[in-house]
Amino acid sequence: MQQGKVSPVSWSSQTVFILAAIGSAVGLGNIWKFPYITGENGGGAFVLVYLAAIVLIGLPILLAELILGRSAKANPVQGMGYLAAQFKASRWWWLLGLNGVLAGALILSFYTVIAGWAVAYFVSSAQGAFINISSSEVGAHFDKLLLNPWELLLWHTIFSLVTIFIVARGIRSGIEKAISWMMPGLFLILLVLLGYATTTGAFGQSFHFLFNPDFAKLSWQGVLVAIGHAFFTLSIGMSAMMVYGSYLDEKASLVKAAIWIAIADTVIAIMAALVIFSIVFANSLEPAVGPGLLFQTLPVAFGQMWGGWLFGTLFFALVIIAALSSAISLIEPALSWLEQRWQIRRAPAAWALGGLIWLIGIASVLSFNHWKSFSLLGDRNIFDTLDFITTNIMLPLGGLMMSLFVAWVMDKETRRSQLNLNSTFERALVFDLKWIAPVAIALVFAVNLLSAPT
Ligand code: PFF
Ligand code: NA
């Protein structure tokens, strides 16, 4: 049956696609979020569950999502519609695409606010504000930033403008150009920081914290957070990878791409966490401070180390770029839908959509000051609520449905031709998508619904 094939664009090569997908995966999730949620959830046991979630749930669903994208060759909403028609399934599958469109927009609304913190730190670092700074001074610096909504709004706006500007220009000239040199740069700076971490005297303690599991410290809520983060960090469950896959030609290997994405993402997250906890323990700081962790620790290191002014400024520049390459993929599901389904030209669609998301983001800006104690869901303020609903509910739910579609609805031949994998691995993957991933996600949802009053 003839499929959608409405995607007007394609990647210029397999390598560029892998780089863009890695660019989407590697972002604030690795450098900012993974360390702080690990700190909040007690370390080792959380990391172990997270790693298991990456291998058993994340990687298979990433593959499933790429398969869906490349076989639908369309934006997620219409794409799921085409696939459902092709495989004679319920027409309601388009809702899975819509879930992705909405989740992406909501995540982007707060992602740009946090990325704005990195912009603020880039500027402070360049001005020399962190030279010889003490850890309590950095803490004060951070608190002051968060208490100033106008400043947060400024950085949020700047970051949003740059994101929209890039996506408005389209895939080839916008996205591809920006990413090919950033990931290697980020990796190199993290290596330098890792070297510094070994000189703090607390590297061993940091290592122990991350890799010595103590299950008494892990709650079911923590397991949900670990699984949710596996989705967030790999950019899966919300059809960003599906759209990226829809721009890919048939020759490229999805398996190879998925493995590279998962490895790069995991290595960078672990490196960032090792560095940050070395600084935390060396300065007797608290690992469970929450979202400020990165911003309250790293400047101390930069302030002390040789060349710290340069490395620090460069580091925040790279965090900004890593966040940018993720932000552009967060908007792509909605944007491709506006372009393909509603025939809106890319540039105006990007500006209108981006403007709306920017507006929603203001609620997150205010969540760190004026509306800090305004609770929306349980004791979560607006920012926490958006983060919780998207990362811990919409993404796992989206991923669950994707795995079910590829494992149960799609026919074997289509799946096989997309995968091009030897039969043992293929069977293992399908088994995982049929049973392991969906049951694990459903189980964690169930336990959380029964046990946590949120
Ligand atoms: N994977 C990104 C990160 O770890 O920062 C965040 C993200 C990007 C999530 C794109 C989802 C997405 F579609
Ligand atoms: Na990530």
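This report describes the predicted model of one chain and the ligand beside it.

**Basis and confidence**

Residues are numbered from 1 along each chain as its sequence is written, while chains are lettered from A and ligands numbered from 1 in the order in which they are written. The model is predicted, so local features need pLDDT of at least 70 and side-chain atom pairs count only at pLDDT 80 or more, whereas totals for chains, interfaces and linings use all residues.

The average pLDDT of the chain is 93, where pLDDT is the predictor's confidence in each residue, from 0 to 100. A score of at least 70 is reached by 96% of the residues. Residues 1–5 have a pLDDT below 50. Beyond near neighbours in sequence, this stretch has 12 contacts in the model; two residues are in contact if their C-beta atoms, placed from the backbone, lie within 7 Å. Where pLDDT is low, the predicted coordinates should not be read in detail. The ipTM is 0.99 and the pTM is 0.94.

**Overall fold**

The chain has 19 helices and 0 strands. Both are DSSP runs numbered from the N terminus: helices are H or I with at least four residues, strands are E with at least two. The C-alpha trace spans about 65 × 50 × 40 Å along its principal axes.

Of the contacts with a separation of 6 or more, 85% join residues 24 or more positions apart. Buried residues make up 55% of the chain. A residue is buried if 20 or more other C-beta atoms lie within 10 Å of its own, exposed if 12 or fewer, and partly exposed in between, with C-beta atoms placed from the backbone.

**Core**

The largest nonpolar core holds 168 residues. Such a core is a set of buried Ala, Val, Leu, Ile, Met, Phe, Trp, Tyr and Cys residues joined through C-beta atoms within 7 Å. Leu62 and Ile320 touch the most other members. Helix H15 gives the most to this core, with 19 residues. Beyond four places in sequence, the residues that leucine 62 touches include Leu234, Ile236 and Met241.

Isoleucine 276 lies in helix H13. It is buried, with 28 other C-beta atoms within 10 Å. Its contacts beyond four places in sequence include Pro35, Leu293 and Leu298.

**Around ligand 1**

The shell around ligand 1 has 16 residues; each has its C-beta atom, placed from the backbone, within 6 Å of the ligand. Gly27, Gly29, Ser235, Ala240 and Ser326 are the closest. Helices H1, H2, H5, H11 and H15 each give two or more residues. By class, 7 residues are nonpolar, 9 polar and none charged.

Most residues other than glycine have a negative phi. Lysine 88 has a positive phi, near 55°. Serine 284 also has a positive phi, near 50°. Glutamine 127 lies 8.9 Å from tryptophan 309, C-alpha to C-alpha, though 182 residues separate them in sequence.

Technical notes:
Nonpolar A, V, L, I, M, F, W, Y, C, P; charged D, E, K, R; others polar.
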